[in-house]
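Subject: Structure handover

Hello,

Here is the structure for your files. My notes on it follow below.

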Amino acid sequence: MKTDGLIKQKLEEAIDILKKFGMPSEQQNERTAYCLLSLLNVTPEKEWKNAECPLVGITPMMNFAKEYYRKEYAPNTRETFRRFSAHQMVQAGIVLYNPDKPDRPVNSPKAVYQISPAALKVVKAYKTTDFETLLADFIKNQSTLSAQYAHERKMNMVSVKIKEGHHIQISPGKHSELIRDIIEQMAPRFLPNSTLIYVGDTGEKWGYYDQELAGNLLFNVQQHGKMPDVILYVEDKKWLVLVESVTSHGPVDSKRHIELEELFSNVTADKVYISAFPDKKTFTHYAQEIAWETEAWIADNPTHMIHFNGNKFLGPHKENT
């Protein structure tokens with residue numbers, strides 16, 4: 001069939017373009033070629049000079065391969081597309097990540113990619129006499145472009161003060177903003193002199209991790225995804241404080257409480273569980289799920305802590321004198 005021939009030819013050409021761009025051998029494959037083709041909206045019969053630059057998410061890339069190239073990928077390969085194809089093209093300056101909204105959280109389901117203007121110009125000249133010259137210019141400026149895009153992304157990172165004179169940068173988004181509030185607003189008010197042990201990030205790496213202190217307290221961060229978002233230690237009270245940032249996932253409910261108890265079963269310090277919310281609306285949505293014997297804190301009402309602790313705090317309220 002003519003279509004089969006066009007599919008084979010376009011796929012081979014896409015891989016050839018990836019090679020010419022200098023992509024590593026691990027990305028000179030069909031999967032990355034489908035990513036590139038979808039980012040250019042190049043179907044089998046479409047000429048390279050007519051390439052476009054739509055905003056495309058990972059799942060739409062996979063759907064594009066199925067619809068136009070009759071290549072179907074299982075849903076569980078989505079992460080492979082992201083981590084081993086799209087990610088490397090972003091690093092190379094060929095593709096932009098969330099150019100429409102650079103502060104979009106890393107784990108957002110709305111994350112999109114777009115071919116960079118410089119790379120698009122090169123691709124549109126493929127198989128013409130201008131291609132080699134444009135490619136050489138792109139490669140010459142590649143490190144500059146990559147650094148520029150990385151800088152633009154860094155400008156949107158959330159800066160968190162973890163101690164005097166020491167800040168860390170974590171991925172942008174509401175989740176990270178709430179983590180910053182937990183450390184900079186909640187901890188000084190309710191956990192004075194506490195020490196930060198761990199901060200999870202929405203990116204691929206931890207935001208902060210004091211491995212030595214964690215080891216002294218008899219736990220080790222091995223499974224990033226299972227950890228609470230923030231861990232603090234109050235030495236004078238021997239409290240290990242485990243905080244969940246409730247922006248995308250739920251609070252410390254009964255199930256999560258049991259999971260955390262098991263994760264930190266070796267810790268001899270008393271454990272305190274806190275669910276942190278950005279606002280009252282979010283708190284109200286999850287209130288009925290919060291486990292007893294835990295705490296809740298709301299960032300837009302930072303001076304109050306809500307105790308789900310039965311009669312532990314029963315008694316009259318008296319103003320501080």
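On one side of helix α5, Pro-117 and Lys-121 are exposed. Exposed here means over 50% relative accessible area, buried means under 20%, and partly exposed is in between, with a 1.4 Å probe and protein chains only. Helices (H or I, at least four residues) and strands (E, at least two) are DSSP runs, numbered from the N terminus.

This is a predicted model, in which local features need pLDDT of at least 70 and side-chain atom pairs count only at pLDDT 80 or more, while totals for chains, interfaces and linings use all residues. Residues are numbered from 1 along each chain as its sequence is written, and side-chain values use heavy atoms, with hydrogens and water left out.

Back to α5. Its buried residues include Ala-119, Leu-120, Val-122 and Val-123. Seen down the helix axis, the buried residues of α5 fall within an arc of 160°, so they line one face. The arc is taken over the directions from the helix axis to the C-beta atoms.

Cores

A nonpolar core is a set of buried Ala, Val, Leu, Ile, Met, Phe, Trp, Tyr and Cys residues joined through side-chain atoms within 4.5 Å. The largest one has 42 residues, and the members that touch the most others are Phe-21, Leu-37, Leu-40, Trp-48, Met-89, Ile-94 and Ile-115. At least two residues of this core come from each of α1 (2-20), α2 (30-40), α3 (58-69), α4 (78-91), β2 (113-115), α5 (117-124) and α6 (131-154). The most come from α2, which gives 7 residues.

What does Trp-48 touch, leaving aside its neighbours within four places in sequence? The contacts (heavy atoms within 4.5 Å) of Trp-48 are Lys-10, Glu-13, Ala-14, Ile-17, Leu-37, Leu-40, Val-42, Val-123, Lys-124 and Tyr-126. Apart from this core lies another, of 21 residues, among them Ile-182, Met-186, Leu-191 and Leu-232.

Gln-114 is in strand β2 and is buried, at 19% relative accessible area.

Leu-260 is in helix α9 and is buried, at 0% relative accessibility. With residues up to four places away in sequence set aside, Leu-260 touches Lys-226, Pro-228, Leu-242, Glu-244 and Tyr-273. Leu-242 is 18 residues from Leu-260 along the chain, and their C-alpha atoms are separated by 8.4 Å.

Strands

In strand β5 (residues 195-199), 4 of the 5 residues are buried. Strands are counted as paired if DSSP finds at least two bridges between them. β5 runs antiparallel to β7 (residues 230-234), joined by 4 bridges, and Tyr-198 stands opposite Ile-231 there. β5 also pairs with β6 (residues 208-209) in the antiparallel sense, over 2 bridges; in that pairing Val-199 stands opposite Tyr-208.

Salt bridges

A salt bridge is a side-chain nitrogen of Lys or Arg within 4 Å of a carboxyl oxygen of Asp or Glu. The whole structure has 11 of them.

- Asp-4 and Arg-70: the closest N and O atoms are 2.0 Å apart. This pair links distant parts of the chain, with Asp-4 in helix α1 and Arg-70 in the loop between α3 and α4, 66 residues apart. Asp-4 is partly exposed at 35%, and Arg-70 is partly exposed at 48%.
- Lys-66 and Glu-72: the N to O distance is 3.6 Å. Lys-66 is partly exposed at 46%, whereas Glu-72 is exposed at 57%.
- Glu-259 and Arg-256: the closest N and O atoms are 3.3 Å apart. The two are 3 residues apart in helix α9 (residues 254-263), so about one helical turn separates them. An α-helix has 3.6 residues a turn, so residues three or four places apart point the same way. Glu-259 is partly exposed at 29%, but Arg-256 is buried at 12%.

Glu-259 and Arg-256 also belong to a network of salt bridges with Glu-244 and Lys-255. Glu-244 is also one of the residues that Leu-260 touches.

Regards
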